[in-house]
Structures are given as structure tokens and as C-alpha cells.
Amino acid sequence: MEKRKISEFVKFVPGINPTRARKQYGTDEINYYDQAAFERDYNHEHGFVEEEIIEDIPVGLVLKKGDVIISNSMQLATMVSEANAGKVPSLNFTKVEFCDDGLDKRYFIYLFNSYRDIKRQKERELQGNGPILRIPIKSLKKLEIPVISLEKQAKIGRAYIETLKLQAKLNTYGKLVGEFTERILEESIVKEKKDEK
């Protein structure tokens, strides 16, 4: 299996600094892509569309549905949903632009998030002090990925995304079952107290 540098297939675009953006574009009206938006996309939750595009911001920075975005603090990638289209990534995120059709987006997400060899490479490149470590863009460009046929990439990528969707549904189901159980048990205690009177 052939390995190649990821920079042959994608370009990493850093998010913008809100303080500089305020000065450069003269507005506080920028709708930023934040950690909550990332987690909704990563967990495949759907919300209402919040598209408010500031015309002065370069089009390449504004996120579209289907764009791939990396959370720098979590070192995870996901695909932007329709609910988060039109937002602008802050410094905490890196947008991934695909140079050609040589790399499937979902396969990229699988490799970046779960492929053991890439995880090891990312761990070696982590930098920073304190609880939040980041991978600089120059280090992201050096990651080496396995190159397989586009057909196999698409199959692996689809299977990975479907697994994430199923996990999100199971997590939601588990949370609902827990809440339901707590409510029933509390009601049982309240009923028991009333019966004692």
C-alpha cells in the first residue's frame, strides 16, 4: 500500500482571529463556527439553518454544507451540516480544502479521526502548554496517509460515517432511557410518600 503526504491532496486553511477580524472587517456581526456547532456536526444533530454571510469576508473562509472542518483542540474532523453553513471558523478550527478528487472527504475524516497510524503521527506533533494541545498546520501537512482506490475510500468513508450516526443515535437513546428511568423512580418515591400519609 502506497503512503503519501496529505498535503498532496488537501490544503489547510486556518480560522480567523475574531479580534483581528473585528478591526479588518469593521463588524461584530460575524457568525462564528464554535465548539457547540462542531459537536452538533460531529454527532450529526440537525438544527435550524443559521446562514448569515458577511460580504467583506473572503468567500473561502465561509463554511458551506459538506466542507470538512478540524477542531484544533479535539484533533477531530467532521463535515459541516446545513445548520452551520454560512458560519466563519475562528482560530480554534481549520478548514480542509480538497485540491482534487484524489481523496474522498469521508475517508479523510475516518483517517484523521480513527486510523491508528494517523493518530500516532498526530500525537507526535502535538504542541502547547496546559490542557489544550494543538497540531500546527505545518505538522498537519506532513501527515502520511495510505492511498487506496477511490472506490474503496468511498466505501470505508461511508461505513465510518454511518457508524458515527448510529453511535450518536444510541447515545441519544441511552440518555432518554436514563431520564425516563429517573423520572419513574422519582415518581415512585413521591407516590410512596403520599401513600404513607
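The charged end of Lys122 sits 3.9 Å from the centre of the Phe112 ring, over its face. The model is predicted. It holds seven aromatic pairs and eight salt bridges.

**Aromatic contacts**

- Tyr33 and Phe93 pair edge-to-face, because their ring centres are 5.2 Å apart and their planes stand at 85°.
- Tyr33 belongs to strand E3 (residues 32-33) and Phe93 to strand E7 (residues 93-98), so this pair ties together parts 60 residues apart in sequence.
- Tyr33 is buried, at 0% relative accessibility. Phe93 is buried too, with a relative accessible area of 1%.
- One aromatic cluster is formed by Tyr33, Phe38, Tyr42 and Phe93.

- Lys65 and Glu82 join their side chains in a salt bridge, at 4.0 Å from N to O.
- Lys65 is in the loop between helix H2 (35-42) and strand E4 (68-71), and Glu82 in the loop between strand E5 (76-79) and strand E6 (88-89), so the bridge ties together parts 17 residues apart in sequence.
- Lys65 is exposed, at 57% relative accessible area. Glu82 is partly exposed, at 42%.

- Lys155 bridges to Glu151, with the closest N and O atoms 3.7 Å apart.
- Glu151 is exposed, with a relative accessible area of 55%.
- Lys165 and Glu162 form a salt bridge at 3.6 Å, N to O. Their spacing in helix H6 is three residues, about one turn.
- Lys165 is partly exposed at 32% relative accessibility, and Glu162 is partly exposed at 46%.

**A salt-bridge network**

Technical notes: Residues numbered from 1 in each chain as written. Predicted model: local features only at pLDDT ≥ 70, side-chain atom pairs only at ≥ 80, totals over all residues. Heavy atoms only, no water. Phe/Tyr/Trp six-rings, centres within 6.5 Å; stacked < 30°, edge-to-face > 60°. Helix = DSSP H or I, 4+ residues; strand = E, 2+ residues; numbered from the N terminus. Buried < 20%, exposed > 50% of the residue type's maximum accessible area, 1.4 Å probe, protein only. Lys NZ or Arg CZ within 6 Å of the ring centre and 35° of its normal.
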